[in-house]
Amino acid sequence: MKKTICLLNSLLILLFLITFQGCNTDNGEVNYHPPEDTNTSPPTTTIQISGFAYERQAAISYSLDLSAVNSKIECTTISLDDASSSCQSNGGYSIALTDPDYQPMVVTHNGYIPTQYAIWGENDQNLNIGLYPAPTVTARPGFMKGMVFLDLQNTYPNLFWTTIMDEPISRMNAELVSHVEIGFGHSCDTNAHSVSISSSHPDYPDWRMSTKEELAPLVTKVHDAGGAFNLWLGIINVNECGNGVIFNVAKDDSAFWDDWFSNYRIFLINQTNIAKDLGIEWITLGHNMDYVSSLAASRWESIITEMREIYPTLKISYFGGVNFDETPPYFESDAYNEGSPDGFASLLDALGHAVTAVSNTINPSREMIKTTFETIKTKTSTLSVPIWIMPMTPSTTVGASDSTFMEPELLTDNSASNYTRDFYQQADVYQALFEVINGSPTGNGQIMGVLPWGYHLKNNYTDSGPESNSSPNVNNLIVDRTANVRGKPAESILKWWFEQF
């Protein structure tokens with residue numbers, strides 16, 4: 001887990017250096033210039049999509065080779081914009097689509113969860129569509145239906161963020177929209193027992209957290225759509241604190257950790273005041289920060305108490321890492337509060353698990369994945385707060401069994417190019433999770449929320465587009481293989497289950 005986190009931190013620095021250029025006004029703010037309308041229409045292209053629909057069965061370990069599938073079904077409708085079709089009795093279908101631009105092709109069948117699959121400019125695709133049986137759902141009062149946006153911060157200007165902040169609500173019935181605003185840990189010195197935490201990068205001050213004035217329209221957009229806002233905080237460790245240094249500072253270096261918490265307290269109190277002024281409902285303290293979540297809960301208690309005194313109605317969460325490609329599985333929660341997890345969890349309103357790999361077996365079946373989520377559920381069932389799950393599953397052929405973070409930005413890291421797209425392995429993880437939740441009781445210690453990681457800001461998986469600060473902004477993304485669920489079957493599953501709960 002530590003290696004993955006440290007690699008991500010260094011990649012984010014490179015991403016900023018390459019993409020954030022030539023976009024500032026004199027006062028340091030970023031302008032958003034909508035794409036110009038050139039009044040020219042590109043030539044239309046018609047592509048033929050064909051394949052078959054099948055039931056995605058729980059006991060089968062699927063690969064991309066579906067030639068042996070014997071559960072083909074006669075789907076009811078296939079549609080995209082004005083084009084529509086249906087399946088033959090053997091499950092086969094064919095549909096002609098004109099200029100699909102990441103719009104979702106929707107496939108339905110009575111008794112199954114409707115499935116969407118984003119289509120873009122690849123000619124004569126063979127595309128087999130898996131459908132999941134729709135079970136009887138038990139209502140789950142108090143269940144948190146959430147989404148965490150991709151942590152792009154300044155990569156897209158603030159005005160563009162404002163235009164898309166309510167999309168998880170309108171597209172998939174989410175109720176809690178999480179916007180990631182990460183600070184920076186730097187100047188770690190174990191000899192001086194000191195560290196600094198700031199809201200902007202120590203070397204590149206334009207790479208910074210949003211101000212209250214910049215956050216205000218984002219919060220308003222979410223509230224106007226009927227949702228709640230989660231200000232998702234945390235730390236990127238850079239310079240002297242980067243490359244894993246922060247994870248290796250001795251736990252008994254009290255002076256160092258006194259300074260860390262003193263700095264983070266200032267950081268959190270400032271964000272709490274912003275949250276109060278804007279009516280933000282939730283703050284997430286961070287995620288995958290086991291270097292401090294494992295320390296005595298008393299260090300957190302004084303800060304959280306002060307946050308609640310400033311803003312009594314504020315709700316607070318934290319997300320710790322979970323990884324099942326390790327043996328034994330890694331649970332950050334094992335080390336909370338020096339090994340007494342509820343001492344830390346009891347300070348919160350919800351405790352989250354940031355789940356990467358859910359198996360150490362390639363192509364696990366849905367039944368195998370369900371066993372993993374049953375294990376996760378049991379692991380923290382005695383805790384005194386609701387449990388939230390944040391799947392971080394990439395949509396690749398090893399997404400369920402490989403904890404490697406899929407960096408969406410090809411200009412700084414092209415490792416995602418070495419992986420093969422597989423939307424359905426990601427979808428299996430979500431369907432398995434909801435099937436486990438559906439058979440579980442409600443209340444503290446139970447899974448009472450799902451907040452997928454890395455929701456993309458637009459439909460296009462390959463181009464960041466002229467809306468962004470990236471240069472170039474074409475063929476610089478590989479979001480089809482990241483944890484993003486937008487336009488993928490996993491989003492269909494989330495939308496359906498969120499509507500049922």
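In this predicted model, Trp300 is buried, as its relative accessible area of 1% falls under the 20% cut-off for burial. Phe261 is buried as well, with a relative accessible area of 6%.

A pair of aromatic rings is described by two values, the distance of the centres and the angle of the planes. A search of the whole structure finds 37 aromatic pairs. In one of them, formed by Phe256 and Trp257, the centres lie 4.9 Å apart and the planes stand at 85°, an edge-to-face arrangement. Phe256 and Trp257 are both buried. For Phe261 and Trp300, the ring centres are 5.2 Å apart and the angle between the planes is 85°; angles over 60° count as edge-to-face, so this pair is edge-to-face too. Phe261 belongs to helix 5 (residues 254-278) and Trp300 to helix 7 (residues 297-310), so their pairing ties together parts of the chain that are 39 residues apart in sequence.

The charged end of Lys72 sits over the ring of Phe52, at 4.3 Å from the ring centre. A second example involves Lys379, whose charged end sits over the ring of Phe331, 5.0 Å from its centre. With a relative accessibility of 10%, Ser71 counts as buried. Once its neighbours within four places in sequence are set aside, Ser71 is in contact with Tyr54, Glu55, Gln57 and Tyr62.

Attention now turns to the largest pocket. This pocket holds about 350 Å³ of space and is lined by 18 residues. Nearest its centre lie Leu64, Tyr117, Asn126, Leu127 and Asn128. At least two lining residues come from each of strand 6 (115-119), strand 7 (125-126) and helix 11 (423-438). Strand 6 gives the largest share of the lining, with three residues. By type, the lining of the largest pocket divides into 10 nonpolar, four polar and four charged residues.

The backbone has some features worth a look as well. Most residues other than glycine have a negative phi, and most peptide bonds are trans. Against this background, two peptide bonds can be pointed out. The bond from Thr327 to Pro328 is cis, with omega near -5°, and Pro328 is found in the loop between strand 16 (315-323) and strand 17 (330-331). The bond from Ser471 to Pro472 is likewise cis, with omega near 0°, and Pro472 is part of the loop between strand 20 (447-450) and helix 12 (489-500).

Ser187 is not a glycine, yet its phi is positive, at about 60°. Ser187 is found in strand 11 (residues 183-189) and counts as partly exposed, with 30% relative accessibility. Asn363, also not a glycine, has a positive phi of about 55°. Asn363 lies in the loop between strand 18 (350-355) and helix 10 (366-379), and at 18% relative accessibility Asn363 counts as buried.

Note on methods
Residues are numbered from 1 along each chain as its sequence is written. This is a predicted model: local features need pLDDT of at least 70, side-chain atom pairs count only at pLDDT 80 or more; totals for chains, interfaces and linings use all residues. Side-chain values use heavy atoms; hydrogens and water are left out. On a 1 Å grid over the protein atoms alone, a cavity is a set of points where a 1.4 Å probe fits but cannot get out, and a pocket is an open set with protein on both sides within 12 Å along at least five of seven lines; lining residues have an atom within 4 Å of a point. Grid points are joined across faces, edges and corners, and a volume is the space filled by probe spheres set on the points. Helices (H or I, at least four residues) and strands (E, at least two) are DSSP runs, numbered from the N terminus. Ala, Val, Leu, Ile, Met, Phe, Trp, Tyr, Cys and Pro count as nonpolar, Asp, Glu, Lys and Arg as charged, and the others, Gly among them, as polar. Rings of Phe, Tyr and Trp (its six-membered ring) pair if their centres lie within 6.5 Å; planes under 30 degrees apart count as stacked, over 60 as edge-to-face and the rest as tilted. Buried means under 20% relative accessible area, exposed over 50%, partly exposed in between (1.4 Å probe, protein chains only). A charge sits over a ring if NZ of Lys or CZ of Arg is within 6 Å of the ring centre and within 35 degrees of the ring normal. Contact means heavy atoms within 4.5 Å.
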